[in-house]
Each structure stands twice: as C-alpha cells, then as structure tokens.
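Please look over the sequence and the model below. A short report on selected parts follows.

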Amino acid sequence: AKLAKYRPQNISNTIIILLILFVTTQKVMGILEKIQETEKEIARTQKNKATEYHLGLLKAKLAKYRAQLIEAPKSGAGKGEGFDVMKSGDARVALIGFPSVGKSTLLNKLTSTQSACASYEFTTLTCIPGVIEYHGANIQLLDLPGIIEGASQGKGRGRQVIAVARTADLVLMMLDAAKGDVQRELLEKELENVGIRLNKRRPNIYVKIKKGGGMSINSMVTLTKMSEKLAQLILHEYKIFNVEVLFREDCTTEEFIDVIIGNRVYLKCVYCYNKIDQISLEEVDRLAHRPSSLVISCELDLNLDRLLAKLWEFLALIRVYTKKRGEPPDFSNPLILRTSSAVEHVCHSVHRTLVGQFRYALVWGTSTKYNPQRVGLHHRVDDEDVIQIVKK
C-alpha cells in the first residue's frame with residue numbers, strides 16, 4: 001500500500017506485481033531451505049534417551065515451517081487460479097494420484113461426465129466433478145490433476161489439489177499397480193506434510209489455552225512415547241505458556257504437535273491399484289490383501305462394482321425410507337444419512353421445522369426389537385430402516 005502511494009505515475013502495475021511476487025518467492029525459498037536443513041538434522045541425529053528432547057524440538061520446528069509454507073500468501077498480487085467446485089450431493093470423494101494412472105478413465109466409467117483421456121501425462125489440468133449414483137445416493141467424485149513429488153511445496157499446482165482434498169469426505173488414492181508401493185509412499189508423504197492424516201483418528205488429548213495461570217500438564221495413562229517435560233518444551237517452542245493439557249492416551253511427539261497446531265484433517269482413504277492386467281497374479285494377490293486397498297482395471301472393467309461397495313462402506317452412509325400413514329413405504333427415494341444418525345437427523349432431512357412438531361415415530365427395521373416400534377428423537381436408525389413420523 002505504501003509502494004502504491006508513493007510510486008511515480010510512469011511505473012506500471014505489472015512491475016509492482018512482479019516485485020511483490022519476487023519478495024514472496026524469496027520468502028518461500030527461505031522456508032524451503034529451513035525445512036531441508038531441519039530434515040537433514042533429524043536424519044543425522046541418533047535416536048536415544050539423550051537426544052529425545054532435541055528431536056522433539058526439531059519436529060516442532062519442522063511442523064511450524066511446513067505450516068508457514070502452506071499458508072496463503074498475504075500479498076496484493078491476487079488469489080490466483082484455484083479449483084472452485086461447489087460441494088454437492090450426499091458426500092464428496094477426491095480422486096488423487098500421479099499423472100497417467102487412470103483417474104480420468106475411472107471418472108468416465110463411474111459417472112456420466114466425460115473427462116479427457118490420453119496416453120500422455122497431465123491430460124487433466126483442472127478439477128472435473130462427476131456424480132456417482134449408488135444405492136440412491138449422489139456421491140460427488142472430483143477428478144483432480146495429477147500431482148508430482150514436491151506437491152506439498154507448491155510444485156505442479158499441488159497446493160490447489162491438496163486444498164480440494166482437505167474438503168472431501170474420503171480420499172480415493174489412484175495408484176499404478178505396475179509401480180509397486182513407490183507411488184503410495186510418496187503420496188502419503190506429500191499429504192502428511194500438509195496436515196492430511198489418512199486412516200487415522202484424532203489423538204485423545206485435551207488442550208485448552210488460557211490467558212493466565214501458567215502451564216498444567218497431566219496424563220491419565222503412562223506416557224511411554226514422550227514425556228511431560230518434552231511436551232513443555234514443545235509448547236514453549238510455539239510460544240504457549242498458559243495452557244492446560246491432559247493426555248487421555250499414550251501418544252507420540254508428532255501426534256501431540258498435531259493437536260497443538262489444530263489444523264490437521266483426518267480423512268479415510270481407499271487405496272485403488274489400477275492396471276492389474278499388467279502384473280502377475282501373485283502381485284495382484286499381495287496388493288489386494290493390503291489394508292484399505294482394492295485392485296481394479298479400468299481398461300477391462302474389472303472389480304469396479306467392488307470399488308463402489310468399498311466407497312459406500314468407507315463413507316459410512318445409510319438409507320432410510322419414509323412412510324406415510326396408511327400407505328406403503330417409498331423405496332424409490334431414500335434419505336441418505338451418516339451411520340449412527342438418530343430420528344432427529346431424519347426429521348431435519350425431511351424439513352427443518354419437523355422437529356418442533358414431532359410427537360413420536362414408528363420404525364420398522366434392524367434397529368428395533370419388534371416391528372413397528374414407537375421411538376423418540378434419540379433413537380438411532382440402521383441402514384434400510386422404514387420410518388413413519390407422527391406430528392403433534
């Protein structure tokens with residue numbers, strides 16, 4: 001703003017934008033150098049009791065530098081071009097993978113959307129949404145551009161791809177079966193660097209930052225992977241001096257840092273190995289038995305029905321059918337809800353004012369002891385239950 005106020009009239013806006021971009025680039029390069037130096041120091045430091053606190057501080061610094069790297073630049077150069085896709089349907093699935101692994105082909109097979117497919121890399125340059133219709137649910141599938149190694153540092157539009165992945169309900173990681181586990185390890189590392197935790201649950205640690213009163217660190221279990229002194233050093237590294245911490249479970253240093261930073265996203269992930277027609281049966285059997293993994297062939301339409309069932313299972317969706325008094329249930333248009341949803345959620349799905357007029361509900365299905373059963377708002381429904389709501 002000061003530069004715009006005092007600049008001569010003959011200096012164009014283009015030069016000013018270039019200057020701002022140059023300063024921002026220099027700042028990013030400085031953060032990248034700090035990240036590389038910290039990673040090298042962690043790699044050459046021996047892991048033992050004497051170096052435990054030193055390694056914990058290095059990991060805290062590394063997480064802080066990575067958080068600075070993925071922050072949006074606060075410059076006047078504009079927001080840049082991103083992937084602005086409106087969230088629609090009952091759930092969102094992000095299709096992530098390296099270039100030319102079959103993401104666009106899978107989108108064309110599962111949805112009515114047509115995405116460009118070719119034998120060369122980077123055929124898809126923007127986010128292409130499609131809709132999977134399965135069990136009466138509309139599942140939004142996003143075909144994202146292929147990411148490369150270093151995507152967490154902004155290479156190859158990696159930041160835009162990862163930003164969309166953070167808003168998804170499930171990550172479908174597309175892998176080339178002919179390349180073994182190399183792609184899987186690289187993609188997991190890139191997503192880990194930007195705060196996306198795959199197939200993990202949030203650590204059960206209570207952290208409350210206060211205005212005063214000092215630092216209180218307690219644990220309900222015996223800490224074997226870190227100590228309270230190390231937790232205190234990590235909190236000091238983040239300039240947190242007045243805080244209450246309660247460990248409800250044994251956790252690692254990395255998990256404690258994740259809780260302190262607070263911007264981590266915990267997503268379920270399905271690892272999908274494509275092109276199994278190019279590898280041996282022994283390798284197919286090995287990949288198929290890996291946790292959360294599935295083997296398919298988009299070219300030969302192999303195992304695509306099992307992939308849809310796997311997505312439905314990991315999204316934890318259920319169908320609830322409604323019934324009017326004196327009429328048969330409406331099996332053509334189910335309500336799509338999350339697992340462990342209650343009758344109250346069913347009322348909100350029908351109409352937001354229905355809860356205020358609710359008297360009781362009659363439920364047929366596996367969630368009841370007998371059919372029909374009269375239930376209240378807090379009764380949890382199961383998949384394919386039939387419900388009739390009675391108003392006051």
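## The second largest pocket

The second largest pocket has a volume of about 540 Å³. This is a predicted model. The pocket is lined by 22 residues. Closest to its centre are Arg66, Glu192, Arg197, Glu254 and Asp258.

Four helices each give at least two residues to this lining: α2 (13-44), α3 (52-70), α6 (182-193) and α8 (253-261). By type, the lining holds 14 charged residues, six nonpolar ones and two polar ones.

## A buried helix

Helix α4 spans residues 103-110. Six of its eight residues are buried, so the rest of the structure largely encloses α4. The buried residues are Lys103, Ser104, Leu106, Leu107, Asn108 and Leu110.

What lies over them? The cover for the buried residues of α4 includes the strands β1 (91-97), β2 (128-134), β3 (137-143) and β4 (170-176). Helix α10 (304-315) is also part of that cover.

## A three-stranded sheet

Three strands form an open sheet in the order β6-β8-β7. Its pairing is mixed. The edge strands, β6 (205-209) and β7 (215-219), each pair on one side only. From one strand to the next, the twist averages 5°.

Strand β8 covers residues 243-247. β6 and β8 pair in the antiparallel sense, over five bridges. Lysine 208 has glutamate 244 of β8 as its bridge partner.

Helix α7 (residues 228-237) lies across β7 and β8. α7 runs at about 140° to β7.

Methods:
Residues numbered from 1 in each chain as written. Predicted model: local features only at pLDDT ≥ 70, side-chain atom pairs only at ≥ 80, totals over all residues. Heavy atoms only, no water. Pairing = 2+ DSSP bridges. Axes fitted to C-alpha atoms, helices over the stretch in contact; angles between N-to-C directions. Contact = heavy atoms within 4.5 Å. Buried < 20%, exposed > 50% of the residue type's maximum accessible area, 1.4 Å probe, protein only. 1 Å grid on protein atoms, 1.4 Å probe; cavity = no way out; pocket = protein on both sides within 12 Å on 5 of 7 lines; lining within 4 Å. Points joined across faces, edges and corners; volume = space filled by probe spheres on them. Nonpolar A, V, L, I, M, F, W, Y, C, P; charged D, E, K, R; others polar.
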